[in-house]
Amino acid sequence: MIFLRRAVLLAVLAFLVIPIAAVIAAPQPASAQARVRTRAEADAAAARARRMLAQLRVASPLSLRGYSHRRFQPKWGRHKGRCDVRETVLARDGRRVRRNAACHPVKGVWYSPYDGKRLKSERLVDVDHVVPLAYAWRSGAKRWSQARRRAFANDLTRPELVTVSHSANIAKGGQGPQSWRPRRRAYWCRYATSWITVKHHYRLSVTRSERVALANMLRTCR
């Protein structure tokens with residue numbers, strides 16, 4: 001009888017332990033795995049940005065003499081069909097964007113990563129050059145050909161163009177990261193990596209204070 005009770009007790013314990021072990025051994029949900037991948041990708045991007053930042057040439061800014069917005073961008077470049085680069089960026093960054101026959105957005109919702117604003121009118125948004133044109137001029141673009149400056153101003157490959165609120169774009173103006181940063185601290189990592197990526201690709205120089213500011217912003221990549 002005693003042996004029978006022990007056998008029953010062991011069977012009950014085994015029944016309880018197996019589900020617990022199964023829970024422990026169960027794979028992570030897809031959402032958790034996605035978060036891990038996203039975190040790993042962000043860490044890798046920040047590491048690349050730090051390496052590129054170290055490779056940028058440090059130099060004093062060039063004179064602004066001779067600069068004009070038109071030296072880069074007499075108008076937005078044509079992209080596909082009737083769409084110019086600005087219209088392409090607005091369609092890329094917006095949600096539920098509707099365009100007229102001329103490709104101009106007439107309806108949509110845009111999120112401004114600089115200040116967190118959600119905007120429902122195309123009149124309230126701008127397409128910002130992450131590295132401002134005047135800033136690029138002083139970083140080396142002054143010595144470029146007109147064709148290269150136009151390519152820079154209409155670059156859809158590098159992270160140079162982003163849709164932001166008109167008010168944030170006006171506040172930023174032609175300033176660099178040592179004197180202006182996005183209001184949303186959560187965007188500092190992305191902003192710094194974009195800035196560095198663009199400057200590295202175009203071999204533009206940085207000032208010492210600019211490099212320090214970018215390095216400090218990269219510390220938020222966590």
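How many aromatic pairs does the structure hold? It holds 13. Rings of Phe, Tyr and Trp (its six-membered ring) count as a pair if their centres lie within 6.5 Å; planes under 30 degrees apart are stacked, over 60 edge-to-face, and the rest tilted.

## Basis of the model

This is a predicted model: local features need pLDDT of at least 70, side-chain atom pairs count only at pLDDT 80 or more, and totals for chains, interfaces and linings use all residues. Residues are numbered from 1 along each chain as its sequence is written, and side-chain values use heavy atoms, with hydrogens and water left out.

## Tyr-67 and Trp-137

Tyr-67 lies in the loop between helix 2 (30-55) and strand 1 (78-80), and Trp-137 in helix 4 (residues 133-138), so the pair ties together parts 70 residues apart in sequence. Helices (H or I, at least four residues) and strands (E, at least two) are DSSP runs, numbered from the N terminus.

Tyr-67 is partly exposed at 26% relative accessibility. Trp-137 is buried at 1%. Buried means under 20% relative accessible area, exposed over 50%, and partly exposed in between (1.4 Å probe, protein chains only).

## A ring cluster and a charge

Ring pairs join Tyr-67, Phe-72, Trp-137, Trp-144, Phe-152 and Tyr-202 into a cluster. Arg-148 lies over the face of Trp-144, 4.9 Å from the ring centre. The cut-offs: NZ of Lys or CZ of Arg within 6 Å of the ring centre and within 35 degrees of the ring normal.
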